[in-house]
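Here is a short briefing to read alongside the model. Take a look at the fold, then follow the points below.

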Amino acid sequence: MRETSGTADVRGWRDAAERALYGPGGFYRRPEGPAGHFRTSVHASPLFAAAVAALLCRVDAALGRPAVLDFVDVGAGRGELIRGVLAALPADVAGRTRACAVEIADRPEDLDARIGWRAEPPEAVDGLLFANEWLDNVPVDVAEVDRAGVPRLVLVAPDGTERLGEPVTGAEADWLARWWPLPAEEGLRAEIGLPRDQAWAAAVGRVQRGLAVAVDYAHTLGTRPPFGTLTGFRAGRETTPVPDGTCDITAHVALDACAAAGSGHGTPRLLTQREALRALDITGARPPLTLATTDPAAYVRALAGAGAAAELTAPGGLGDFGWLLQPAGLPEPPL
């Protein structure tokens, strides 16, 4: 625990990160966008957008191919995923798709006119709501166990220095007891994921018929890290989180808690990205060597695709991301 004297502009991590990320001049309002600082599955390969398009087609079939099919991209960045999904859809599905990007930043000038742009999800969604690396940027407070074994809020100054505040109480304490119980050992930390549960439940509640999916860095009750996961990213490198607007501030998501929060809208399912993408036929398998003889150009293309798929599904990397699938008006996720 780093100490700082004085109390000027010292606040909990949730408030500090909210201002640093989304306030005037905040990180997510910067012109370069998230892609200028870190690489997600969307940026790794167009195969990711193709997989999401395939999932949207399965939702379309499960809904009986409605006249209007919604695709909502929550935390859309600069529209990279939603553009890729529309480009990958079959023409008949694309023609019925109502695409909406949800993002607080201004609409990109070059965005396809077919794509809506708004700060909040639509009130009613019939189709697929997809949130890729959104929940990890819903700001949360951090708790740390003091010398007496009491979990206290961690307070932070704009320069990143920290000190302990008041004990965690109320709904936040209840959340910790249920989802991230802290032993009475000084220095242990946890991120209090209650705001993410609430954000996810609200998003899932907008889906009348179809599927809601969250994809993120994740952990579950049996694998909570003892010192938390709060970190920063700047210019492609992981860095110390400083709430001054110059870096991303992120923490892994307790996806099992989010699943429980949204379970009133449908029975959730948790998968790894590796499992989900393989179910959508993104396997990373090498093409047969015989193709190199019969069609060398096709072999080179297939080999490149296999390499991209391998990165998206790699153990210890993107393949370990969590996928939370929550159906609404469907018996199960169409995966």
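How many bridges join strand 6 (residues 141-145) to strand 9? Four bridges do, and the two strands run antiparallel. This is a predicted model, in which local features need pLDDT of at least 70 and side-chain atom pairs count only at pLDDT 80 or more, while totals for chains, interfaces and linings use all residues. Residues are numbered from 1 along each chain as its sequence is written, and side-chain values use heavy atoms, with hydrogens and water left out.

**Overall picture**

- The chain's secondary structure comes to 11 helices and 17 strands; helices (H or I, at least four residues) and strands (E, at least two) are DSSP runs, numbered from the N terminus.
- Of the 335 residues in the chain, 53% are buried, where buried means under 20% relative accessible area with a 1.4 Å probe, protein chains only (exposed is over 50%, partly exposed in between).
- Taking contacts (heavy atoms within 4.5 Å) between residues at least 6 apart in sequence, 73% join residues at least 24 apart.

- Seven strands form an open sheet in the order 4-3-2-5-10-17-16, with mixed pairing; two strands pair if DSSP finds at least two bridges between them.
- Strand 4 (115-118) and strand 16 (269-272) are the edge strands, each pairing on one side only.
- On average, neighbouring strands of this sheet are turned by 20° against each other, direction ignored; axes are lines fitted to C-alpha atoms, for helices over the stretch in contact, and angles run from 0 to 180 degrees between N-to-C directions.
- Strand 3 (residues 97-102) runs parallel to strand 4 and is joined to it by four bridges, with cysteine 100 having glycine 116 as its bridge partner.
- Strand 5 (residues 125-132) and strand 10 are parallel and share eight bridges, and phenylalanine 130 stands opposite valine 213.
- On strand 17 (residues 322-328), strand 10 has an antiparallel partner over seven bridges, with glycine 210 opposite alanine 328.
- Strand 10 (residues 207-216) is largely enclosed by the rest of the structure, because eight of its 10 residues are buried.

**Nonpolar cores**

- The largest nonpolar core has 43 residues, and Val85, Leu128, Phe130, Val213 and Trp323 have the most contacts inside it; such a core is a set of buried Ala, Val, Leu, Ile, Met, Phe, Trp, Tyr and Cys residues joined through side-chain atoms within 4.5 Å.
- Helix 3 (residues 46-62) supplies the largest share of this core, eight residues.
- A second, separate core of 23 residues includes Val72, Ala131, Val138 and Val204.
- Beyond its neighbours within four places in sequence, phenylalanine 130 is in contact with residues including Phe48, Val52, Leu55, Leu81, Val213 and Trp323.

**Helix packing**

- The axes of helix 3 and helix 4 (residues 80-88) come within 8 Å and cross at roughly 60°.
- Helix 3 and helix 4 are therefore oblique to each other, given that angles under 35 degrees count as roughly parallel, over 145 as roughly antiparallel, 65 to 115 as roughly perpendicular and the rest as oblique.
- At this contact, Phe48, Ala49, Ala50, Val52, Ala53 and Leu56 in helix 3 meet Leu81, Gly84, Val85 and Ala88 in helix 4.
- Helix 3 also lies across strand 2 (69-74), strand 3, strand 5, strand 10 and strand 17, running at about 155° to strand 5.
- Helix 7 (residues 194-205) lies across strand 5, strand 10 and strand 17, at about 145° to strand 10.
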